[in-house]
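Work through the exercises below with the model open. Try each task before reading its solution.

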Amino acid sequence: MKVLLVEDERYLAEAVAQILKKNNYDVDIAPDGEEGLVAAESGVYDVILLDIMLPRKDGIAVLKELRVGGVSTPVIMLTALGEIEDRVKGLDSGADDYLPKPFKTEELMARMRAVLRRRGDLLPDGALSFGDIEYDPNTLVLSCGNRSFDLTNKEGNLLEFLMANKGQTLSSDSIIEKVWGWDSEAEDNHVQVYISFLRKKLTGLRSRVRIKTIRNVGYTLIGEADHELC
Ligand code: CA
């Protein structure tokens with residue numbers, strides 16, 4: 001699970017990052033709103049912790065731009081102000097939750113688990129659904145009706161990333177970062193190969209879900225209703 005922490009108070013940011021790392025989250029810190037926005041737009045994060053009072057661009061503005069741009073990553077707003085107006089403003093701008101500072105570690109962990117559970121079309125057993133397909137990240141089984149295939153770990157991570165960002169175009173770079181990791185040697189052709197593996201499996205399942213290539217931009221997962229647009 002990748003977390004983006006947008007927080008300008010360095011000691012607080014580092015303390016929170018330490019806690020998250022101990023809880024097996026992979027954390028990146030952005031020290032201001034502009035950097036936070038650019039990082040968040042990559043789409044690689046599973047959850048964003050966003051301070052409200054930030055240099056260069058405040059948290060509310062960052063959140064609005066993300067939502068207008070179609071980035072649906074869950075966002076938990078952090079604020080020292082703790083006032084009801086801020087809470088309403090944050091949620092109106094598309095925040096999933098709100099946490100006043102200072103907060104307890106357990107409280108942060110509980111809120112994160114809650115927004116992650118609500119994310120996407122999560123089925124009760126933890127499986128994901130989109131169009132006519134279902135994918136269970138626990139068993140790596142991709143199914144369509146009564147047909148199913150086992151995916152490899154990489155295929156599964158790639159499909160999960162596409163399903164979590166359905167309808168959005170994901171760049172090869174963001175896919176490499178999410179599926180292979182920052183420090184990997186993976187390149188565009190690795191992504192192409194795994195996209196083709198997934199396409200073969202979708203075709204094999206006779207699913208109507210497709211992975212569309214947007215030339216020089218990236219890949220997007222589309223379902224039945226989107227076909228006329230292609
Ligand atoms: Ca701040």
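A patch is made of residues with over 30% relative accessible area and no salt bridge, with like charges joined within 9 Å and nonpolar side chains (Val, Leu, Ile, Met, Phe, Trp, Tyr) within 5 Å. Asp and Glu count as negative, Lys and Arg as positive; His and the chain ends are not counted.

This is a predicted model: local features need pLDDT of at least 70, side-chain atom pairs count only at pLDDT 80 or more, and totals for chains, interfaces and linings use all residues. Residues are numbered from 1 along each chain as its sequence is written, and side-chain values use heavy atoms, leaving out hydrogens and water.

**Exercise 1.** Find the residues that form a negative surface patch.

Solution. 
- Step one: pick out D173, E185, E187 and D188, which form the patch.
- Helices (H or I, at least four residues) and strands (E, at least two) are DSSP runs, numbered from the N terminus.
- Step three: check the cover. E185 is exposed, at 73% relative accessible area. Exposed means over 50%, buried under 20%, and partly exposed in between (1.4 Å probe, protein chains only).

**Exercise 2.** Name the protein donors of the calcium ion.

Solution. 
- Step one: list D8 (OD), D51 (OD) and M53 (O), lying 2.1 to 2.3 Å from the ion. Donors are N, O and S atoms within 2.8 Å of the metal (3.2 Å for Na, K and Ca); water is not among the atoms, so sites may look incomplete.
- Step two: read the spacing along the chain, D-x42-D-x1-M.
- Step three: compare the cover. D51 is buried at 2%, whereas M53 is exposed at 53%.

**Exercise 3.** Which side chain meets E7 in a salt bridge?

Solution. 
- Step one: recall the rule, a side-chain nitrogen of Lys or Arg within 4 Å of a carboxyl oxygen of Asp or Glu. The whole structure holds 13 such bridges.
- Step two: the partner is K101, at 3.0 Å, N to O.
- Step three: E7 sits in the loop between strand 1 (2–6) and helix 1 (10–22), and K101 in the loop between strand 5 (97–100) and helix 5 (105–118), so the pair ties together parts 94 residues apart in sequence. Both E7 and K101 are buried.

**Exercise 4.** Where is K178, and which side chain does K178 meet in a salt bridge?

Solution. 
- Step one: K178 lies in helix 7.
- Step two: the K178 side chain meets D46 at 2.9 Å, N to O. D46 is in the loop between helix 2 (33–41) and strand 3 (47–51), 132 residues from K178.
- Step three: K178 is partly exposed at 23%, while D46 is buried at 7%.

Methods:
Accessible areas come from the Shrake-Rupley method with a 1.4 Å probe; for residues, only the protein chains shown count as cover. The place of a charge is taken as NZ of Lys, CZ of Arg, CG of Asp or CD of Glu.
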